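Please open the model in your viewer and keep a selection tool at hand. The tour below goes from one selection to the next and says what is to be found at each.

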Amino acid sequence: MDNAGGSQVPRQVVERIGEYLTAYNVQLGASYEVSASAGQKLQEVTHRMARFIHASRMEEVVVGPSTTLLLRILSICLSRQWRAGDEVIVTNSDHEANVSCWMDLREKGIVVKIWKLNPDTLEFDLDDLRGLLTERTRLVAMVHASNILGTINPVREVAEVVHAAGALLCVDGVAYAPHRPVDVQAFGADFYVFSTYKVYGPHLSILYGRYELLRELDGINHYFIGKEQVPYKLQPGNFNFELTYGLQGVLDYFEALQAHHAGPVFELIAAHEESLAETLLAYLRTVPEIRIIGRKDSHRDRRVPTISFVHDRYRSSDIATHVDPHRIGIRFGDFYAKKLIQDHGLEAKDGVVRVSLVHYNTLQEVEALIGVFRGMF
Ligand SMILES: Cc1ncc(COP(=O)(O)O)c(C=O)c1O
């Protein structure tokens, strides 16, 4: 139940990584046959990944070792064309991966503003964003689903507001992608990033960028890797071939799930997750000393089953460590969403207790956790 930290991988992922290492493990770009077929195999994965996230072309898929590093690369490359006095807006709900890299641009004279959650509802107000946007705003960086609150933010509506102001939108989809389909065209964000190790895959990350924007970016690769080399100019060094190939296993897995259940896989996942979330939230709502940090309802359109809370009498660390001996993995802390924890006075509690569920969790598991909570509260 620490899936927002990282998920388990299906057998298909392990097999695909093994297949690459045993059959294609050579350097790319050479004239011999295995090198050419290894390159071909990796192109196929990128094609499939582009289709999976509904990108319009495979060059829009940038592979990197982590979301934190890909966003750092993006911030460096984008800001090369910005001037002192240009502005960026970040939120106080994001993981630091989509905050620090923008904050650090203050060294170059970029002005950074913070779009804050409404402290009563813990939701964003679009009018607050409108009040922060100016003709100097270059980019808004926000999270699709908070890795603490689980709340799904209205990215499409935000994109419209941001684009009307002439700015770009960069969305951290890390806590959203394990739960709902990623459709970058429907979302309307200019950049969208997620970590595949939380989407049942290996430790990699995918950054989507609109092709016209990526093409215009200055790269971060060697001087002879030209601007037109999208996405290679944003992938310095050899990327991890075997893990990239392993991503096929995630796509194989979703296809197998779909075939087995004969239905749209993410609708099934959303329905199951909603019932898991409702079971836990229904219990948490009955305990007067518990404050749910995030939405109290389980509606699949409004939240993912990443559920956080604090207790009046216990520190969050006491609760998580009490659960450990029952061989159920939950977690406490700030989960690097530092500003959310600090701005809402949750540091003194050692952050929140977070139970982060995904589709392979069962109702019985959630009930077992509730049983442990009942014994404590
Ligand atoms: C919402 C969110 N964004 C970004 C990250 C960072 O991802 P990575 O470890 O791939 O840099 C995390 C990791 O926990 C996260 O939960």
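Domain bounds, as used here, come from an automatic or database domain assignment. For this protein, that assignment gives domain 1 (11-253) and domain 2 (265-376), with residues numbered from 1 along each chain as its sequence is written. The model is a predicted one, in which local features need pLDDT of at least 70 and side-chain atom pairs count only at pLDDT 80 or more, while totals for chains, interfaces and linings use all residues, and side-chain values use heavy atoms, with hydrogens and water left out.

**The two domains**

Colour the two domains separately. Their centres, taken over C-alpha atoms, are separated by 27 Å. Where contact means heavy atoms within 4.5 Å, 31 residues of domain 1 are in contact with 31 residues of domain 2.

**The sheet**

Next, switch to a cartoon view, bearing in mind that helices (H or I, at least four residues) and strands (E, at least two) are DSSP runs numbered from the N terminus, and that two strands pair if DSSP finds at least two bridges between them. Select the open sheet of seven strands, whose order is 1-7-6-5-4-2-3 and whose pairing is mixed. Strand 1 (61-64) and strand 3 (111-115) stand at the edges with a single partner strand each, so one side of each has no neighbour in the sheet. From one strand to the next, the twist averages 20 degrees.

Now select strand 4 (residues 137-143) together with strand 5 (residues 168-172), which pair in the parallel sense over five bridges; Val143 stands opposite Asp172 in strand 5. Helix 6 (residues 155-164) packs on the sheet and touches strand 3, strand 4 and strand 5, its direction making about 155 degrees with that of strand 5; such angles run from 0 to 180 degrees between N-to-C directions, and axes are lines fitted to C-alpha atoms, for helices over the stretch in contact.

Which residues of strand 5 point one way, and which the other? Show its side chains: Leu168, Cys170 and Asp172 point one way, Leu169 and Val171 point the other way, and all are buried. Here buried means under 20% relative accessible area, exposed over 50% and partly exposed in between, with a 1.4 Å probe and protein chains only.

**The nonpolar cores**

A nonpolar core is a set of buried Ala, Val, Leu, Ile, Met, Phe, Trp, Tyr and Cys residues joined through side-chain atoms within 4.5 Å. The largest has 73 residues, and those with the most contacts inside it are Ile53, Trp115, Leu129, Leu169, Tyr192 and Phe254. Helix 9 (residues 241-261) gives the most to this core, with nine residues. Domain 1 and domain 2 both give residues to this core, so it lies between them. Apart from it lies another core, of 31 residues, among them Leu71, Ile110, Phe191 and Tyr211.

Centre the view on Ile53, which touches Val61, Val182, Asp183, Val184, Phe194 and Tyr208, not counting residues up to four places away in sequence.

**Helix 1 against helix 9**

Select helix 1 (residues 11-23) and keep helix 9 in view: the two pack at an angle of about 145 degrees, with their axes 7 Å apart.

**Loops and backbone**

Move to Lys116, found in the loop between strand 3 and helix 5 (126-132). Lys116 is partly exposed, with a relative accessible area of 43%, and touches Asn92, Phe124, Asp128 and Asp343, not counting residues up to four places away in sequence.

Most residues other than glycine have a negative phi, and most peptide bonds are trans.

- The peptide bond from Val230 to Pro231 is cis, with omega near 5 degrees, and Pro231 is found in the loop between helix 8 (211-216) and helix 9.
- Ala262, in the loop between helix 9 and helix 10 (265-286), has a positive phi of about 50 degrees although it is not a glycine, and is exposed, with a relative accessible area of 71%.
- Asp350, in the loop between helix 12 (338-343) and strand 11 (352-356), has a positive phi near 65 degrees and is partly exposed, with a relative accessible area of 25%.
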